[in-house]
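This report goes through one protein model part by part. Keep the sequence and the structure in view while reading.

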Amino acid sequence: MTTPGQGFEPAGGDGPAPPEAGRAAQLRTAYEGLLQIRRLVNGPAGAAVPAPWELRLMPRAVALVLEASGFPASAQDPQGSRTRTGYRVAASGEGRVEVTWLGPPGGGAAEEEQERLTACSAALEPLGWVCLLYRGPRRRRFLEVEPPTSS
C-alpha cells in the first residue's frame, strides 16, 4: 500500500491483506522501477543481480518480486490469526530472508508448501537471488533467500 511520502509497500504476509483498488498498477510501477534501478546501478550485470538498496531491504525486495510474480501474500486479522494462504517474508539473520507458506488452520497450506515454495524459488533465482529449500520445526518447509556471492 502507498502512504503519502512513502513508496509502494509490497505485501510481506503479516498484517491485513492489502487493498485491491489500484494495487495492480502500483505493483507494476514498483516492479518496473526495481528492474530499471538494477539496470542503472549494476553495470554489465544489469537486472540479473540485486541492486544495493535490495541488499539493505531484502524482505521488501523479495516480497516485491513474489507479489509481482503473482503469488498471494498470507494475511492476518487484528488478533494475529491467518486469514489467507500465501507467502510470508521475514528477515532471518544477517543478509538472509526466510519465505514460508502459511494459511488459516486446516486450509491446506502445509500440503502445498513444497510446490509453492519451489515456485517462489523459480521466480526469485532468475533475478539473482540464491534460494535453498529446508525443512524446519514441525517438519514445515521454508525457503532461505540470500544475495548472490561475489566471486
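Helices (at least four residues) and strands (at least two) are DSSP runs, numbered from the N terminus. The model described here is predicted. Strand E1 covers residues 75-76, and Ala75 is found in this strand.

Is Ala75 buried or exposed? Ala75 counts as buried, because its relative accessibility is 0%. Leaving aside residues up to four places away in sequence, Ala75 touches Gly13, Gly15, Pro16, Ala17, Ser81, Arg82, Thr83 and Arg84. The C-alpha atoms of Ala75 and Pro18 are 8.6 Å apart in space, while the two residues are 57 residues apart in sequence.

## Helix H3 and what covers it

Helix H3 consists of residues 58-68. H3 is mostly covered, with eight of its eleven residues buried. These buried residues are Met58, Ala61, Val62, Ala63, Leu64, Val65, Leu66 and Glu67.

Which elements cover the buried residues of H3? The cover includes helix H1 (23-41), helix H2 (52-56) and H4, together with strand E3 (86-93), strand E4 (96-102) and strand E6 (141-146). Just after H3 comes Gly70, which takes a positive phi of about 95 degrees.

## How H3 meets H4

Helix H4 spans residues 109-124; the axes of H3 and H4 come within 10 Å and cross at roughly 105 degrees. Angles of 65 to 115 degrees count as roughly perpendicular, so H3 is roughly perpendicular to H4.

On the H3 side, the residues in this contact are Val62, Val65 and Leu66; on the H4 side they are Cys120, Ala123 and Leu124. Sorted by class, the contact of H3 with H4 has six nonpolar residues, no polar residues and no charged residues.

## Cysteines

How many disulfides does a search of the whole structure find? The search finds zero. Cys120 is in no disulfide, and the nearest cysteine sulfur, that of Cys131, is 8.7 Å away. A disulfide needs the two sulfur atoms within 2.5 Å.

Cys131 is likewise in no disulfide, and its nearest cysteine sulfur is that of Cys120. Cys120 counts as buried because its relative accessibility is 0%. Cys131 is buried too, with a relative accessible area of 10%.

## Salt bridges

A search of the whole structure finds seven salt bridges. One of them joins the side chains of Asp14 and Arg88, at 2.9 Å from N to O. Asp14 lies in the segment before H1 and Arg88 lies in strand E3, so this pair ties together parts that are 74 residues apart in sequence. Asp14 counts as partly exposed at 38% relative accessibility, and Arg88 counts as partly exposed at 25%.

Another salt bridge joins the side chains of Glu67 and Arg23, at 2.7 Å from N to O. Because Glu67 lies in helix H3 and Arg23 in helix H1, the pair ties together parts that are 44 residues apart in sequence. Both Glu67 and Arg23 are buried. In the salt bridge between the side chains of Glu113 and Arg140, the N to O distance is 2.6 Å. Glu113 lies in helix H4, and Arg140 lies in the loop between strand E5 (130-135) and E6, so the pair ties together parts that are 27 residues apart in sequence. Glu113 is buried, with a relative accessible area of 2%, whereas Arg140 is partly exposed, with 28%. Salt bridges that share partners also join Asp14, Arg82 and Arg88 into one network.

## A leucine in helix H1

Where is Leu35 placed? Leu35 is in helix H1. Its relative accessible area is 16%. Buried means under 20%, so Leu35 is buried.

Leu35 touches Ala47 and Leu127, not counting residues up to four places away in sequence. Leu35 and Pro50 are 15 residues apart along the chain, and their C-alpha atoms are separated by 9.0 Å.

Technical notes
Residues numbered from 1 in each chain as written. Predicted model: local features only at pLDDT ≥ 70, side-chain atom pairs only at ≥ 80, totals over all residues. Heavy atoms only, no water. Axes fitted to C-alpha atoms, helices over the stretch in contact; angles between N-to-C directions. Parallel < 35°, antiparallel > 145°, perpendicular 65-115°, else oblique. Contact = heavy atoms within 4.5 Å. Nonpolar A, V, L, I, M, F, W, Y, C, P; charged D, E, K, R; others polar. Buried < 20%, exposed > 50% of the residue type's maximum accessible area, 1.4 Å probe, protein only. Salt bridge = Lys/Arg side-chain N within 4 Å of Asp/Glu carboxyl O.
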